[in-house]
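Here is a quick walk through a two-chain model.

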Amino acid sequence: MKPSHEPGRMLVVDDNRVNRLLLTRALEQNGHVVATADDGKMAMEMLRASPFDVILLDIDMPVMNGFEVLEALLKDDDLRDLPVVMTSASDELDRVVKCIEMGAEDYLVKPLNPVLLRARVNASLEKKRLRDQQRKLFRTFATPQVAEQLLREGFSLGGKYVTASVMFADIRSFTTLSENQEPSETIELLNDYFALMFDPITGNHGTVNQMEGDGMMAIFGAPVFHEDHRAQAVRAGLEMIEMLETFNEQRVLQGKGRIEIGIGIATGRVISGYTGTQNRATYTCVGDTVNVAARIENHTKVAGKPILIDQYTREGLPDSMGVEDLGELVFKGKQQPIRVFSVQV
Amino acid sequence: MPVIDQKIFADLKQMSGEEFINELIETFLDDAPNLLTEVRSALGSKDADSFRRAAHSLKSNAMTFGAMKLADLAKDLERLGKENRLAQVGDQLTALEEAVKSACEELKGLKS
């Protein structure tokens with residue numbers, strides 16, 4: 001890969017004014033945009049306020065020293081991957097080693113050698129750009145949660161058992177709807193619809209892992225576990241219905257017909273993991289719970305209720321979420337009856 | 001030992017440019033007295049960590065400009081601070097003050 005000579009946004013953190021000036025000057029000569037902080041606390045405030053590409057960090061500082069900054073960065077999801085180049089005196093290499101162990105990318109010895117400065121800063125910048133690209137790519141094709149997991153744990157096929165809530169959502173009588181309008185209108189409707197439904201799901205820590213035709217499948221509680229994934233799934237469902245109502249009001253104003261959706265949620269053990277090949281894989285869940293969720297969703301048409309859930313999902317809901325017991329139902333292909341509840345919207 | 005190592009200073013000047021080296025010297029002339037005050041008051045209040053940090057800063061700047069004698073003296077004091085042996089500073093502080101003074105004078109002359 002070609003080394004990058006694009007300017008980066010640098011943050012120089014040093015309590016010594018001469019050092020700050022020198023570093024700033026050297027970086028600016030290389031075309032970078034530089035901001036400075038006098039100590040670690042100020043640096044953290046600046047890092048949280050605006051984006052930077054590389055930090056040049058002194059170890060010895062009052063208020064908050066370099067070690068403390070590294071610790072704070074590690075704890076911050078947004079800043080964890082930001083490359084840090086330590087700047088230190090030649091007689092404190094033992095402390096630099098500790099910094100590298102704590103996650104610093106590289107180091108520079110003061111007084112500065114401009115050639116080394118350029119090489120190390122550009123290398124860090126290149127790494128940062130690669131990581132950003134990777135993250136962007138992952139986010140385009142996967143959900144933020146899956147992207148984060150991939151970035152953190154790397155990629156491996158194979159699955160594990162987890163307890164999760166699975167949601168299916170479908171547009172009702174979509175076939176009739178699409179027969180009565182132009183294909184381009186159908187695609188536009190689907191795009192608008194999916195765009196609207198994503199927010200309630202991701203906003204409640206869910207992962208949309210399948211979109212097919214007018215249907216979508218989402219998982220709550222995996223790949224990242226959340227204690228109250230059942231309530232999160234139902235909350236997402238309620239917000240989806242709300243969103244749809246606003247969407248329908250707009251459609252009516254435009255002289256178009258309303259659309260209705262059905263949502264089914266079931267909770268239980270699923271096998272979650274990546275399926276596919278090393279080159280193309282998706283995060284998914286399989287198992288009986290997935291089938292139950294699909295069957296329950298299908299039943300919304302019969303029941304005339306927008307959101308149906310199974311008993312195990314219901315047990316995870318707070319009292320504030322009202323449900324109506326629809327009794328036990330036997331679904332096609334299932335031996336055991338399943339008790340179904342309708343969520344009040 | 002010369003007060004300012006000409007080779008180091010020339011390299012610094014080449015790297016930073018004529019105009020900027022003046023700004024850099026000005027900054028040091030501004031900051032050096034403050035750092036000395038910090039060293040002195042940290043010694044007075046027996047604050048080994050502040051003592052170490054101020055000596056470290058002086059050392060760092062001295063090395064940047066090639067003021068090697070000042071750098072050596074500051075480095076010794078930094079070590080005393082680090083090892084919590086402030087009682088042994090003695091007349092090394094006076095030597096440091098003199099080294100700062102002569103480094104500052106020399107640097108004033110090197111401004112263009």
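Lys46(B) sits in the loop that links H2 and helix H3 (48-65) of chain B. Helices here are DSSP runs of H or I with at least four residues, strands are E runs of at least two, and both are numbered from the N terminus. Phi of Lys46(B) is near 55°, a positive value in a residue other than glycine. Most residues other than glycine have a negative phi, and most peptide bonds are trans. Lys46(B) counts as exposed, with 11 C-beta neighbours inside 10 Å. For burial, C-beta atoms are placed from the backbone, and other C-beta atoms within 10 Å are counted: 20 or more is buried, 12 or fewer exposed, and in between partly exposed.

A word on the ground rules: this is a predicted model, where local features need pLDDT of at least 70, side-chain atom pairs count only at pLDDT 80 or more, and totals for chains, interfaces and linings use all residues. Residues are numbered from 1 along each chain as its sequence is written, while chains are lettered from A and ligands numbered from 1 in the order in which they are written.

Chain A has eleven helices and 13 strands, and 37% of its 345 residues count as buried.

What about His205(A): is it buried or exposed? His205(A) is buried, with 20 other C-beta atoms within 10 Å. It isn't a glycine, yet its phi is positive, at about 65°. You'll find His205(A) in the loop between helix H8 (183-203) and strand E7 (206-212) of chain A. There's also a cis peptide bond, from Lys110(A) to Pro111(A), with omega near -5°. Pro111(A) belongs to the loop between strand E5 (106-110) and helix H5 (114-141) of chain A.

## Where the chains meet

In all, 13 residues of chain A are in contact with 15 residues of chain B (contact means C-beta atoms, placed from the backbone, within 7 Å). Helix H1 (residues 17-29) gives the most to chain A's side, with six residues.

H1(A) packs with helix H2 (residues 18-44) of chain B at an angle of about 165°, their axes 9 Å apart. The two helices are therefore roughly antiparallel to each other (that label is for angles over 145 degrees). On the H1(A) side, the residues are Arg17(A), Val18(A), Leu21(A), Leu22(A) and Arg25(A); among those they meet in H2(B) are Phe20(B), Phe28(B) and Asp31(B).

Methods. Two residues are in contact if their C-beta atoms, placed from the backbone, lie within 7 Å. Axes are lines fitted to C-alpha atoms, for helices over the stretch in contact, and angles run from 0 to 180 degrees between N-to-C directions. Angles under 35 degrees count as roughly parallel, over 145 as roughly antiparallel, 65 to 115 as roughly perpendicular and the rest as oblique.
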